[in-house]
Amino acid sequence: MSSNSATEPAADMSGIGKSRAAIDRDLKTIIADVLGLETDQVDQFDADTGLFGHLPELDSMAVAGLLTEMEDRLDIVIEDDDVDGEMLETYGGLLAFAEAKIIEG
């Protein structure tokens, strides 16, 4: 029964001002779309859910597609030196990365 939903800024397409919940929802949608996973499966992802090396669908080719879709849909720029194994190890790591990139704007 959260009463602050009226005071929470509306999510916009540019990504700036998006709530953590909106970023989480968008990132899960991107993962489901790019990897061809069921929405129900991706909705169960938490911070500790393993990604690269744990999901057979997320191979090196899929990583490139995932990062490209993140750039397009979250309106962020991902530099080559931004990408490392830690960022892709867990869902929580990827979500924290996406949030940081959106804040950088």
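## Exercises on helix packing

In this predicted model, the crossing of helix 3 and helix 5 is right-handed. The exercises below begin with that pair and then turn to the whole protein.

**Exercise 1.** Determine which residues of helix 3 and helix 5 make the contact.

*Solution.* On the side of helix 3, the contact is formed by Leu66, Met70 and Leu74. Helix 5 contributes Leu94, Phe97, Ala98 and Ile102. Sorted by class, this contact of helix 3 with helix 5 comprises seven nonpolar residues, with no polar and no charged ones.

**Exercise 2.** Describe the packing geometry of helix 3 and helix 5, and state how the two are oriented to each other.

*Solution.* Two packed helices are described by the angle between their axes and the distance between the axes. Helix 3 spans residues 60-74, and helix 5 spans residues 91-104. Their angle is about 40°, and their axes lie 12 Å apart. Angles under 35 degrees would count as roughly parallel, and 65 to 115 as roughly perpendicular. Helix 3 and helix 5 are therefore oblique to each other.

**Exercise 3.** State the secondary structure content of the protein and its pattern along the sequence.

*Solution.* The protein has five helices and zero strands. Read along the sequence, the pattern is α-α-α-α-α.

Technical notes: Residues are numbered from 1 along each chain as its sequence is written. This is a predicted model: local features need pLDDT of at least 70, side-chain atom pairs count only at pLDDT 80 or more; totals for chains, interfaces and linings use all residues. Side-chain values use heavy atoms; hydrogens and water are left out. Helices (H or I, at least four residues) and strands (E, at least two) are DSSP runs, numbered from the N terminus. Axes are lines fitted to C-alpha atoms, for helices over the stretch in contact, and angles run from 0 to 180 degrees between N-to-C directions. Angles under 35 degrees count as roughly parallel, over 145 as roughly antiparallel, 65 to 115 as roughly perpendicular and the rest as oblique. A crossing is left-handed if the near helix is turned anticlockwise from the far one by less than a right angle, and right-handed if clockwise. Contact means heavy atoms within 4.5 Å. Ala, Val, Leu, Ile, Met, Phe, Trp, Tyr, Cys and Pro count as nonpolar, Asp, Glu, Lys and Arg as charged, and the others, Gly among them, as polar.
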